[in-house]
Amino acid sequence: MNLFTSTLNQTAFLFSFIIIGYVLAKWKILPDNSSVVLSKLENTLFIPALVMGTFIENFTVERISKASNLLLISFIIAFVAIPFAIFVSKLLTKDRYIQNIYTYGLSFANFGFMGNAVVMSLFPDIFFEYLIFTLPLWILIYVWGVPRLLMADTTKKQTFKETAKSFVNPMFIAMLVGMVIGLFKIKLPMWFVSLVDVSGDCMSPIAMILTGVVVSTISLKKTFTDVKIYFISFIRLIVMPVIFILVARFFEISQTIYICALCSLAMPLGLNTIVIPSAYGKDTTVAAGMAVISHLFAVLTIPLIFMIIK
């Protein structure tokens, strides 16, 4: 019951902001270009701050050396999930851009916003370990997921120069800066630490408002009757965590690693597929539908998954 309540509260919180964004856009309180402005803020300030803060706090020699198994298992799961995500995406559509959106959503769940809330509520004793476990996912997101799937121009083959240029973005740079500060324990002034923390805290609310703005421009009937979105959500919420549960039976995995892995896999589709493409003028209709539907179903599927393992 505690798990259901925690998941429901987090989902209700998320949808409250989505509804706010939807109403503000529908009632023309926000200007027509608000989605562009919000996505630019996310891409140049809020997401980089969140990423930098995460790595400053967790990417230290002491924490990494004590959690090598967590990092190793996280990388292994990611490198199994990514080819699976690519395979499923290619089966569902021939559209290269939609393929990328599906691939990103299946490769990286909402392990931050939703995952953190679930772990803090149910498994507070391993919250620190969970943050360490997700570090490889953050790295893969900003080394591969964002530049190759969400930012790349799918209408033409990229040159080496264009590929390299995609890495020069605020999020990737923030990750590198956070790594350096964390590893070398660089002392930062309190005002800068507060600036990074508060800016990072803005990421999720603004992303959800942006989702509401995007949803206000699409056909809800078309979104809620898109069978492929339901299929992607089913794979993300049920198939992938259940596969992990079955495979984990054949290996000796500590309970901490087991819970961390399952929490990262059982979360709904993330919001980056909306936030980042919006800043580059790309269509986020499918991504918005994926976010809305998967988070709705997560209210039931997350408690179901943890009931299975109990």
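Modeller: Start with the contacts, and keep in mind that this is a predicted model. Of the contacts between residues at least 6 apart in sequence, 85% join residues at least 24 apart.

Colleague: How many helices and strands does the protein have?

Modeller: There are 17 helices and zero strands.

Colleague: What radius of gyration does the protein have, and what would a compact globule have?

Modeller: The protein has 19 Å, and this agrees with a compact globule because 310 residues would give a value near 19 Å. Along the principal axes, the C-alpha atoms fill a box of roughly 50 × 45 × 40 Å.

Colleague: What percentage of the residues is buried?

Modeller: Buried residues account for 54% of the 310.

Colleague: Switching to charges. How many side chains are positive and how many negative?

Modeller: The protein has 22 positive and 14 negative side chains. The centres of those two sets lie 8 Å apart.

Colleague: Now the residue. Where is T223?

Modeller: T223 sits in helix α13, which covers residues 220-224.

Colleague: Does T223 count as buried or exposed, and why?

Modeller: T223 counts as buried because its relative accessibility is 7%, and the cut-off for buried is under 20%.

Colleague: Which residues is T223 in contact with, leaving aside neighbours within four places in sequence?

Modeller: T223 is in contact with I218, I229, G289 and I293.

How values were computed:
Residues are numbered from 1 along each chain as its sequence is written. This is a predicted model: local features need pLDDT of at least 70, side-chain atom pairs count only at pLDDT 80 or more; totals for chains, interfaces and linings use all residues. Side-chain values use heavy atoms; hydrogens and water are left out. Helices (H or I, at least four residues) and strands (E, at least two) are DSSP runs, numbered from the N terminus. The radius of gyration is taken over C-alpha atoms; the globule rule is 2.2 Å times the number of residues to the power 0.38. Buried means under 20% relative accessible area, exposed over 50%, partly exposed in between (1.4 Å probe, protein chains only). Contact means heavy atoms within 4.5 Å. Lys and Arg count as positive and Asp and Glu as negative; His and the chain ends are not counted. The place of a charge is taken as NZ of Lys, CZ of Arg, CG of Asp or CD of Glu.
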